[in-house]
Amino acid sequence: MTAKKSTTPAPGWWAVHHHIGNDRRFALVPEDKVLMCLGLMVAATGWGIAFETEIVTEADLSRHAIVGAASTETVLDAANHLVSAGIWTEIPGIGFDSGAGEHILAKQDRIEKARAAVEARIRKRAQERAEVTAELDSMGGQE
(Lines give C-alpha, C1' and ligand atoms only; values in the text may rest on other atoms or scores of the structure.)
Protein backbone atom coordinates (compact mmCIF):
# COMPACT_ATOMS: atom_id res chain seq x y z
CA MET A 1 0.00 0.00 0.00
CA THR A 2 1.36 3.43 -0.88
CA ALA A 3 0.87 6.44 1.31
CA LYS A 4 -1.44 9.10 -0.04
CA LYS A 5 0.53 12.16 -1.06
CA SER A 6 -0.80 15.33 0.48
CA THR A 7 -1.83 18.07 -1.92
CA THR A 8 -2.15 20.63 0.84
CA PRO A 9 0.61 23.25 0.78
CA ALA A 10 2.76 23.79 3.84
CA PRO A 11 0.97 25.89 6.49
CA GLY A 12 1.69 29.55 6.14
CA TRP A 13 1.64 30.08 2.42
CA TRP A 14 -2.02 31.01 2.31
CA ALA A 15 -2.10 33.08 5.48
CA VAL A 16 -4.05 36.30 5.13
CA HIS A 17 -4.58 38.98 7.73
CA HIS A 18 -8.19 38.85 8.87
CA HIS A 19 -8.50 42.60 8.40
CA ILE A 20 -6.84 42.83 4.99
CA GLY A 21 -10.04 43.88 3.23
CA ASN A 22 -10.61 46.92 5.41
CA ASP A 23 -7.09 48.05 6.34
CA ARG A 24 -7.38 51.81 5.91
CA ARG A 25 -3.64 52.14 5.42
CA PHE A 26 -4.14 50.85 1.88
CA ALA A 27 -5.83 54.17 1.12
CA LEU A 28 -2.29 55.62 1.29
CA VAL A 29 -1.11 53.30 -1.50
CA PRO A 30 -1.62 54.60 -5.05
CA GLU A 31 -4.80 53.05 -6.44
CA ASP A 32 -3.02 51.31 -9.31
CA LYS A 33 -0.53 49.70 -6.88
CA VAL A 34 -2.94 48.28 -4.27
CA LEU A 35 -3.27 44.78 -5.73
CA MET A 36 0.48 44.55 -6.24
CA CYS A 37 1.04 45.53 -2.61
CA LEU A 38 -1.64 43.16 -1.33
CA GLY A 39 -0.09 40.29 -3.26
CA LEU A 40 3.38 40.99 -1.89
CA MET A 41 2.07 41.41 1.64
CA VAL A 42 0.18 38.09 1.58
CA ALA A 43 3.11 36.24 -0.01
CA ALA A 44 5.61 37.75 2.42
CA THR A 45 3.41 36.90 5.40
CA GLY A 46 3.23 33.30 4.23
CA TRP A 47 7.00 33.30 3.67
CA GLY A 48 7.56 34.67 7.16
CA ILE A 49 5.28 32.10 8.78
CA ALA A 50 6.80 29.20 6.88
CA PHE A 51 10.38 30.22 7.66
CA GLU A 52 9.60 31.82 11.03
CA THR A 53 11.06 35.21 10.25
CA GLU A 54 9.50 38.64 10.30
CA ILE A 55 12.25 40.03 8.10
CA VAL A 56 11.93 40.04 4.33
CA THR A 57 15.42 40.80 3.05
CA GLU A 58 16.17 42.84 -0.02
CA ALA A 59 18.06 39.81 -1.34
CA ASP A 60 14.94 37.63 -0.99
CA LEU A 61 12.92 40.20 -2.90
CA SER A 62 15.61 40.73 -5.55
CA ARG A 63 16.05 37.05 -6.31
CA HIS A 64 12.27 36.50 -6.35
CA ALA A 65 12.34 33.96 -3.54
CA ILE A 66 8.99 35.24 -2.29
CA VAL A 67 7.18 36.33 -5.43
CA GLY A 68 8.60 34.43 -8.38
CA ALA A 69 6.41 35.87 -11.11
CA ALA A 70 7.25 39.53 -10.66
CA SER A 71 10.16 41.71 -11.69
CA THR A 72 12.63 42.96 -9.10
CA GLU A 73 11.58 46.53 -9.84
CA THR A 74 7.90 45.73 -9.28
CA VAL A 75 8.50 43.81 -6.05
CA LEU A 76 10.75 46.51 -4.58
CA ASP A 77 8.26 49.18 -5.69
CA ALA A 78 5.48 47.34 -3.83
CA ALA A 79 7.69 46.98 -0.75
CA ASN A 80 8.39 50.70 -0.76
CA HIS A 81 4.67 51.50 -1.06
CA LEU A 82 3.97 49.21 1.91
CA VAL A 83 6.58 51.13 3.91
CA SER A 84 5.18 54.51 2.83
CA ALA A 85 1.69 53.44 3.92
CA GLY A 86 2.98 52.32 7.33
CA ILE A 87 2.15 48.66 6.72
CA TRP A 88 5.78 47.50 6.67
CA THR A 89 8.82 48.96 8.38
CA GLU A 90 12.10 49.34 6.52
CA ILE A 91 15.24 47.99 8.17
CA PRO A 92 18.01 49.92 6.39
CA GLY A 93 20.57 47.73 4.68
CA ILE A 94 18.64 44.54 5.46
CA GLY A 95 15.10 44.66 4.16
CA PHE A 96 11.65 45.00 5.66
CA ASP A 97 9.72 43.92 8.73
CA SER A 98 6.62 42.36 7.22
CA GLY A 99 4.67 42.25 10.47
CA ALA A 100 4.45 38.45 10.43
CA GLY A 101 5.52 38.19 14.07
CA GLU A 102 2.04 37.64 15.50
CA HIS A 103 1.37 34.95 12.90
CA ILE A 104 4.67 33.22 13.66
CA LEU A 105 3.82 33.17 17.37
CA ALA A 106 0.35 31.80 16.58
CA LYS A 107 1.91 29.06 14.44
CA GLN A 108 4.35 28.14 17.20
CA ASP A 109 1.48 28.10 19.70
CA ARG A 110 -0.60 25.78 17.47
CA ILE A 111 2.38 23.45 17.06
CA GLU A 112 3.00 23.38 20.81
CA LYS A 113 -0.67 22.70 21.57
CA ALA A 114 -0.74 19.89 19.00
CA ARG A 115 2.45 18.41 20.46
CA ALA A 116 1.01 18.58 23.99
CA ALA A 117 -2.22 16.90 22.82
CA VAL A 118 -0.26 14.06 21.22
CA GLU A 119 1.84 13.61 24.35
CA ALA A 120 -1.31 13.55 26.49
CA ARG A 121 -2.85 10.86 24.25
CA ILE A 122 0.35 8.80 24.46
CA ARG A 123 0.37 9.08 28.27
CA LYS A 124 -3.33 8.16 28.44
CA ARG A 125 -2.85 5.07 26.25
CA ALA A 126 0.20 4.00 28.24
CA GLN A 127 -1.80 4.36 31.46
CA GLU A 128 -4.69 2.35 29.99
CA ARG A 129 -2.27 -0.40 28.88
CA ALA A 130 -0.67 -0.44 32.32
CA GLU A 131 -4.09 -0.78 33.96
CA VAL A 132 -5.08 -3.64 31.63
CA THR A 133 -1.74 -5.34 32.21
CA ALA A 134 -2.11 -4.98 35.97
CA GLU A 135 -5.65 -6.38 35.82
CA LEU A 136 -4.53 -9.32 33.70
CA ASP A 137 -1.62 -9.96 36.05
CA SER A 138 -3.95 -9.93 39.05
CA MET A 139 -6.35 -12.31 37.34
CA GLY A 140 -3.52 -14.64 36.43
CA GLY A 141 -2.44 -14.93 40.06
CA GLN A 142 -5.93 -16.04 41.20
CA GLU A 143 -5.83 -19.43 39.50
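**Exercise 1. How are α1 and α3 oriented: roughly parallel or roughly perpendicular to each other?**

*Solution.* The model under study is predicted.

Step 1. Take the angle between the two helices: α1 and α3 pack at about 90°, and their axes lie 9 Å apart.

Step 2. Apply the cut-off, by which angles of 65 to 115 degrees count as roughly perpendicular.

Step 3. Helices α1 and α3 are therefore roughly perpendicular to each other.

Step 4. Identify the residues that meet. From α1 these are M36, C37, L40 and M41, and from α3 they are T74, V75, D77, A78, A79, H81 and L82.

**Exercise 2. Describe the overall composition of the protein and the order of its elements.**

*Solution.* Step 1. The secondary structure consists of four helices and three strands.

Step 1. Along the sequence, these elements follow the pattern α-β-α-α-β-β-α.

Step 2. The protein has 143 residues, of which 26% count as buried.

Step 3. Consider the contacts with a separation of 6 or more: 65% of them are accounted for by residues 24 or more positions apart.

**Exercise 3. Which residues of α3 are buried, and where do they lie around the axis?**

*Solution.* Step 1. Helix α3 runs over residues 72-84, 13 residues in total. From its first C-alpha to its last it reaches 18 Å, close to the 18 Å expected.

Step 1. V75, A78, A79, H81 and L82 are the buried residues in α3.

Step 2. These residues cover an arc of only 160° around the axis, which puts them on the same side of α3.

Step 3. On the face turned away from this buried side, α3 carries the exposed residues E73 and S84.

Step 4. The cover over the buried residues of α3 includes α1, α2 (58-62) and β3 (95-97).

Step 5. Just after α3, G86 has a positive phi of about 85°.

**Exercise 4. In what order do the strands of the sheet lie, and which are the edge strands?**

*Solution.* Step 1. The sheet is open and is formed by three strands in the order β1-β3-β2, with antiparallel pairing.

Step 1. Its edge strands are β1 (55-57) and β2 (89-91), since each of them pairs on one side only.

Step 2. From one strand to the next, the twist averages 30°.

Step 3. Examine the pairing of β2 with β3: it is antiparallel and extends over three bridges. T89 has D97 in β3 as its bridge partner.

**Exercise 5. Which residues does I20 contact, leaving aside its neighbours within four places in sequence?**

*Solution.* Step 1. Locate I20: this residue belongs to the segment before α1.

Step 1. With those neighbours set aside, I20 is in contact with L38, M41 and V42.

Step 2. For the pair I20 and L38, the separation is 18 residues in sequence and 8.2 Å in space, C-alpha to C-alpha.

Key:
Residues numbered from 1 in each chain as written. Predicted model: local features only at pLDDT ≥ 70, side-chain atom pairs only at ≥ 80, totals over all residues. Heavy atoms only, no water. Expected span 1.5 Å × (residues − 1). Buried < 20%, exposed > 50% of the residue type's maximum accessible area, 1.4 Å probe, protein only. Arc of directions from axis to C-beta. Contact = heavy atoms within 4.5 Å. Pairing = 2+ DSSP bridges. Axes fitted to C-alpha atoms, helices over the stretch in contact; angles between N-to-C directions. Parallel < 35°, antiparallel > 145°, perpendicular 65-115°, else oblique.
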